[in-house]
Amino acid sequence: MDIPQDLILLERAAEEQRARLAGLDGEEFDLQHRAWQEAAQAAQAAIADHATVSGQSAEAVESAVKRAVRETEEDPAG
């Protein structure tokens, strides 16, 4: 499956926001959690749009995007 680069970048951005949660608490955690949720929602919306346009299932597109992110770089939380 050919995955558009913009989907990979959006998913990577969401994962980077998730990784920034480590070690935070209180208001800092809440703010970062919102940033992560917004980034994840943007990635999910783009995945759903691509799935609709390409005629593929959203689950298949999401799996391919996540696999592409894992293959292109290390886990930012690791």
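Helix H1 (residues 5–19) packs on helix H3 (residues 58–72) at an angle of about 75 degrees, with the axes 9 Å apart. H1 is therefore roughly perpendicular to H3, a term for angles of 65 to 115 degrees. Axes are lines fitted to C-alpha atoms over the stretch in contact, and angles run from 0 to 180 degrees between N-to-C directions. Helices are DSSP runs (H or I) of at least four residues, numbered from the N terminus.

This is a predicted model, in which local features need pLDDT of at least 70, side-chain atom pairs count only at pLDDT 80 or more, and totals for chains, interfaces and linings use all residues. Residues are numbered from 1 along each chain as its sequence is written, and side-chain values use heavy atoms, without hydrogens and water.

In H1, Leu7, Ile8, Glu11 and Arg12 meet Val61, Val65, Lys66, Ala68, Val69 and Thr72 of H3, where contact means heavy atoms within 4.5 Å. This contact comprises 6 nonpolar, 1 polar and 3 charged residues.

| Helix pair | Angle | Axis distance |
|---|---|---|
| H1 and H3 | about 75 degrees | 9 Å |
| H2 and H3 | about 125 degrees | 8 Å |

Helix H2 covers residues 26–54. On H2, Gln44, Ile47, His50 and Ala51 meet Ala58, Val61, Glu62 and Val65 of H3. Here the residues divide into 5 nonpolar, 2 polar and 1 charged.

In the protein chain, which holds 3 helices and 0 strands, 28% of the 78 residues count as buried, meaning under 20% relative accessible area with a 1.4 Å probe, protein chains only.

How values were computed: Helix = DSSP H or I, 4+ residues; strand = E, 2+ residues; numbered from the N terminus. Nonpolar A, V, L, I, M, F, W, Y, C, P; charged D, E, K, R; others polar. Parallel < 35°, antiparallel > 145°, perpendicular 65-115°, else oblique. Buried < 20%, exposed > 50% of the residue type's maximum accessible area, 1.4 Å probe, protein only.
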